[in-house]
Amino acid sequence: MKIAALVFNPIQENTYIVWDETKECVIIDAGNNGPREDIVLKNFIAEHGLTPKMAINTHGHFDHTLGVEYLKKEYGIPFALSAKDKFLLETASVSGMIFGVEIGKLPTIDLDLDTVKEVRFGHTTLQVIPTPGHTPGHVALYEPQTKNLFTGDTLFRESIGRTDLPGGDYSWIMRSILERILPLGDEVTIWPGHGEKSSLGHESMYNPFVVEVLNQEVKP
């Protein structure tokens with residue numbers, strides 16, 4: 001499995017193109033915003049001879065969904081998102097206004113990630129792991145053979161996603177990290193929605209939010 005990260009829009013969001021030897025690909029959290037960024041994504045897909053099969057989102061915040069409608073029109077592919085985050089699509093124009101980002105037409109959901117345990121393309125299977133907290137319907141996407149995990153805005157390098165936006169919950173995001181993400185193993189590489197990649201081993205040692213909770217659990 002191969003992974004490329006393109007950084008898009010004023011929020012500096014990571015859009016991931018993921019493909020395998022079949023050249024079929026999925027686009028995770030398409031944040032491309034406007035014609036210039038659309039062309040960057042389109043050219044990358046063409047230059048690598050890829051065939052898009054699905055746009056998949058870890059969650060519904062506008063900075064992660066800005067490019068999905070373009071992909072649906074350009075390639076005729078479905079859009080996968082938890083239906084719990086549908087309200088974020090419906091309120092995206094207001095959220096964008098707060099951050100000074102103009103929001104165009106946003107997509108409708110074709111595949112509710114609450115209804116599936118995995119998504120497939122080519123010879124690759126991504127496990128869908130519910131990780132609520134940053135948003136109610138947030139998911140992580142995990143490829144167990146290569147141990148790659150797309151964490152969206154749940155877990156960053158030495159940080160976590162904010163929980164002060166509508167639908168956020170700090171207790172839930174920490175439960176998602178501690179009970180559903182960290183048990184996957186130290187060797188797992190994480191690809192977050194913003195910033196640099198990391199590993200679960202690194203986060204267990206150096207993420208202050210994680211370390212604080214883990215230290216509390218081992219105190220006598």
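Q: Which residues do ring pairs link into a cluster?
A: Tyr16, Phe150 and Trp191. Rings of Phe, Tyr and Trp (its six-membered ring) pair if their centres lie within 6.5 Å; planes under 30 degrees apart are stacked, over 60 edge-to-face, the rest tilted. This is a predicted model, where local features need pLDDT of at least 70 and side-chain atom pairs pLDDT 80 or more, while totals for chains, interfaces and linings use all residues. Residues are numbered from 1 along each chain as its sequence is written, and side-chain values use heavy atoms, without hydrogens and water.

Q: How many aromatic pairs by that rule?
A: The count is 3. In one of them, Tyr16 and Trp191 are edge-to-face, 5.9 Å centre to centre with 80 degrees between the planes. Tyr16 is in strand E2 and Trp191 in strand E13, 175 residues apart; strands (E, at least two residues) are DSSP runs numbered from the N terminus.

Q: Are Tyr16 and Trp191 buried or exposed?
A: Both are buried, meaning under 20% relative accessible area; exposed is over 50% and partly exposed in between (1.4 Å probe, protein chains only).

Q: Switching to charges, how many salt bridges?
A: There are 9, counting a side-chain nitrogen of Lys or Arg within 4 Å of a carboxyl oxygen of Asp or Glu.

Q: What does Lys72 form a salt bridge with?
A: Asp110, with the closest N and O atoms 2.9 Å apart.

Q: Why does Lys72 count as buried?
A: Because its relative accessibility is 17%. Asp110, at 44%, is partly exposed.

Notes
Helix = DSSP H or I, 4+ residues; strand = E, 2+ residues; numbered from the N terminus.
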